[in-house]
Amino acid sequence: MFSNKLIKRILHAYSLTFMTGAGISAESGVPTFRGKDGLWQNHDVQQLATPRALESEPELFWEFYRWRRQLLARVEPNLGHYALVDLENRYKGFTLITQNVDNLHIKAGNRHVLELHGNITRTYCSKCGKEFAEGEYDDTPAVPKCTQCGGVLRPGVVLFGESLPSAILAEAQQAAAESEVFFSVGTSSIVEPAASLPYIAKANGAYLVEINPEETPLSAHADEVIREKSGKILAAIVLALERIA
Ligand code: OAD
């Protein structure tokens, strides 16, 4: 499953970094991106989740995001998410970086999450930037509008073609550089700049671990590859640490 060496490394480490992708939520029933669910009502999601679609087809854009929000509101975290909460409680130098927008790490109880691609539960104005909590804006019109400036509201996610929040990316890069053990969990490791983080960790001396049932471009560079589902493995890591403690 995983090596004794890995458990020893984790035990003796101060700084542990986990970067997650859609695969960690697969066991909660959330479809991954590059699985077979890349279409929504015959629309290519990569065309729809874009600033251009928000501008030119806001009704369709919002129909899609309301559907995704409803789908994600119904799903629950799985063992993998909960294991990461346990690890955050054990390690001062714990960092969780995610590419997921599904809010499941926060729902599970992780307190500090570097959300590289945003969070679908958030909403802000595309014109003036004002943020709105749920219930603070009128969600009944096909395209919800800002109560302050009348601009079109949008979900707090990074759309295709947009850049990542720079402060969060910088924090993630720093955590990667400082980590003694870096885990890449449930990601196809092809979308930049997230895909570069494990290489930053490795170049700075981290022990690099991949947890993914499938091979990825990162696999050949990892010090340890665990070809299993993340729920089972992350829970088993926590159990192994508990046994020793
Ligand atoms: P992908 O759909 O590209 O990859 C999901 C990965 O999870 C695959 O490598 C699967 O083999 C793996 N996987 C599936 N089930 C698993 C399980 N139970 N345990 C562990 N691994 C499992 O998703 P991401 O890599 O997250 O960006 O995609 C990266 C980004 O691409 C997304 O954040 C999104 C998209 O463009 C934005 O929306 C900006």
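Analyst: The shell around the ligand is made up of seven nonpolar, ten polar and four charged residues, where Ala, Val, Leu, Ile, Met, Phe, Trp, Tyr, Cys and Pro count as nonpolar, Asp, Glu, Lys and Arg as charged, and the others, Gly among them, as polar. The model is a predicted one, in which local features need pLDDT of at least 70 and side-chain atom pairs count only at pLDDT 80 or more, while totals for chains, interfaces and linings use all residues. Residues are numbered from 1 along each chain as its sequence is written, and side-chain values use heavy atoms, with hydrogens and water left out.

Among the 21 residues around the ligand, those that come nearest are Ala22, Phe33, Arg34, Thr187 and Ser188, a residue being near if one of its heavy atoms lies within 4 Å of the molecule.

As for polar contacts (pairs of N or O atoms within 3.5 Å; within protein, one must be able to donate a hydrogen and the other to accept it, and residues adjacent in sequence count only if both atoms are side-chain atoms), the side chain of histidine 117 places an N or O atom 2.8 Å from an oxygen atom of the ligand. The backbone takes part as well: a polar backbone atom of glutamine 99 is 3.1 Å from a ligand oxygen, and a backbone N or O atom of glycine 186 lies 3.2 Å from an oxygen atom of the ligand. Taken alone, the ligand exposes 800 Å², of which the protein buries 89%, with accessible areas coming from the Shrake-Rupley method with a 1.4 Å probe and, for residues, only the protein chains shown counting as cover.
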